[in-house]
Amino acid sequence: MNDKPKQALQVDLSGQSAIVTGASQGIGRAIALMLAGAGAKVACVARSVEKLTETAEMIRRAGGTAEALACDVTDSQSVQKVVDEVLAKWDKLQILVNNAGVTRDTLIPRMSDEDWDTVINTNLRGTFLFTRAVTRPMMQARYGRVINIASVSGLTGNPGQANYSASKAGVIAMTRTVAKELAGRKITINAVAPGFIETEMTQAMGPAILDEVKKRIPAKRLGQADEIAYGVLFLASEAAAYINGQVLVIDGGLCA
């Protein structure tokens with residue numbers, strides 16, 4: 001028996017490039033900063049150029065490499081253009097994080113067609129389009145890491161979020177399916193399912209609702225965006241090479 005302690009996990013993404021959608025704020029920004037901190041070159045993608053620029057500048061000030069690329073994730077041509085730009089600039093693309101997402105919460109009798117379509121198109125179609133766009137270069141390189149940001153709502157459902165829950169359940173199902181399709185090319189595809197995380201989105205719920213939410217969470221607090229980013233960093237690393245088609249739930253014990 002070898003009593004020598006094992007080396008602590010260290011993630012080095014030097015020489016790799018990544019796309020992070022929804023990187024202008026919240027969880028997406030935390031993920032972009034985390035991957036860049038590990039040495040990856042990061043293409044920060046979202047609709048808002050102004051907030052994207054802030055994320056890219058934060059990375060550059062810390063000594064990293066980043067580009068801010070505006071993109072409508074629901075438009076296949078716009079998505080393909082982003083992937084082509086990243087490949088042209090950095091030659092390879094090893095990591096994709098599909099984080100872009102929106103909510104349009106209301107109970108099903110009041111949910112409009114637009115409420116449904118906007119959420120499904122952004123959260124599910126956007127994930128599909130970017131995943132499809134990166135598969136060819138990743139297959140040619142015989143390497144890739146795709147991490148899709150799902151939600152505990154996609155596992156358990158949540159009243160007032162039929163559209164959001166359906167979109168995230170779809171992301172989980174797609175993750176498991178595409179993982180089986182691409183595993184032979186050394187491409188892993190996994191999902192991270194956050195619970196209630198302290199972001200601009202949850203702050204909009206108001207303090208009274210958030211207090212009730214915290215009572216339901218065994219940890220008695222909201223999660224932090226960095227705690228999701230650490231999960232993504234691990235799944236993007238070499239250490240996670242044999243983890244594929246899985247859903248990493250990070251929710252403080254909410255779904256336990």
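Reader: Does Lys89 count as buried or exposed, and at what relative accessibility?

Author: Please note at the outset that this is a predicted model. A residue is called exposed when its relative accessible area is over 50%. Lys89 has 51% relative accessibility, and therefore counts as exposed.

Reader: With which residue does Lys89 meet in a salt bridge?

Author: As a general idea, side chains of opposite charge can pair when their charged atoms come close. In this model the side chain of Lys89 meets that of Glu67, at 3.7 Å from N to O. Lys89 belongs to helix 3 (residues 76-90) and Glu67 to strand 3, so the pair ties together parts that are 22 residues apart in sequence. Glu67, at 25% relative accessibility, counts as partly exposed.

Reader: How many salt bridges does a search of the whole structure find?

Author: The search finds six. One of them joins Glu57 and Arg60, whose closest N and O atoms are 2.7 Å apart.

Reader: Why are Glu57 and Arg60 separated by about one helical turn?

Author: Because they are three residues apart in helix 2, about one helical turn separates them. Glu57 counts as partly exposed, at 32% relative accessibility, and Arg60 likewise counts as partly exposed, at 35%.

Reader: Which residue forms a salt bridge with Lys215?

Author: The partner of Lys215 is Glu212, with the closest N and O atoms 3.2 Å apart. Both lie in helix 8 (residues 207-216), three residues apart, which is about one turn of the helix. With 55% relative accessibility, Lys215 counts as exposed, whereas Glu212, with 46%, counts as partly exposed.

Reader: Let us turn to the sheet. In what order do the seven strands stand, and is their pairing parallel or antiparallel?

Author: Strands of a sheet pair through backbone hydrogen bonds, either parallel or antiparallel. Here the seven strands form an open sheet in the order 3-2-1-4-5-6-7, with parallel pairing. At its edges are strand 3 (66-70) and strand 7 (247-250), each of which pairs on one side only. On average, neighbouring strands of the sheet are turned by 15° against each other, direction ignored.

Reader: Over how many bridges do strand 5 and strand 6 pair?

Author: Strand 5 and strand 6 (residues 187-194) pair over six bridges, in the parallel sense. Within strand 6, Val192 is the residue that stands opposite Ile149.

Reader: Which strands does helix 1 lie across?

Author: Helix 1 lies across strand 1, strand 2, strand 4, strand 5 and strand 6, and runs at about 170° to strand 1. Helix 2 lies across strand 2 and strand 3, at about 170° to strand 3.

Reader: How many residues has the largest nonpolar core, and which of them have the most contacts inside it?

Author: This core has 35 residues, and those with the most contacts inside it are Ile31, Leu35, Val42, Val97 and Ile147. Among the elements that each supply at least two of its residues are helix 1 (26-37), strand 2 (41-46), strand 5 (144-149) and helix 9 (225-236). A second, separate core has 26 residues, including Ala43, Leu96, Ala100 and Leu182.

Reader: Which residues does Ile31 touch, not counting residues up to four places away in sequence?

Author: With those neighbours in sequence left out, Ile31 touches Val20, Val97, Ile149, Ala229 and Val232. Among these, Val97 is also listed with the residues that have the most contacts inside the largest core.

Key:
Residues numbered from 1 in each chain as written. Predicted model: local features only at pLDDT ≥ 70, side-chain atom pairs only at ≥ 80, totals over all residues. Heavy atoms only, no water. Core = buried A, V, L, I, M, F, W, Y, C linked by side-chain atoms within 4.5 Å. Buried < 20%, exposed > 50% of the residue type's maximum accessible area, 1.4 Å probe, protein only. Helix = DSSP H or I, 4+ residues; strand = E, 2+ residues; numbered from the N terminus. Contact = heavy atoms within 4.5 Å. Pairing = 2+ DSSP bridges. Axes fitted to C-alpha atoms, helices over the stretch in contact; angles between N-to-C directions. Salt bridge = Lys/Arg side-chain N within 4 Å of Asp/Glu carboxyl O.
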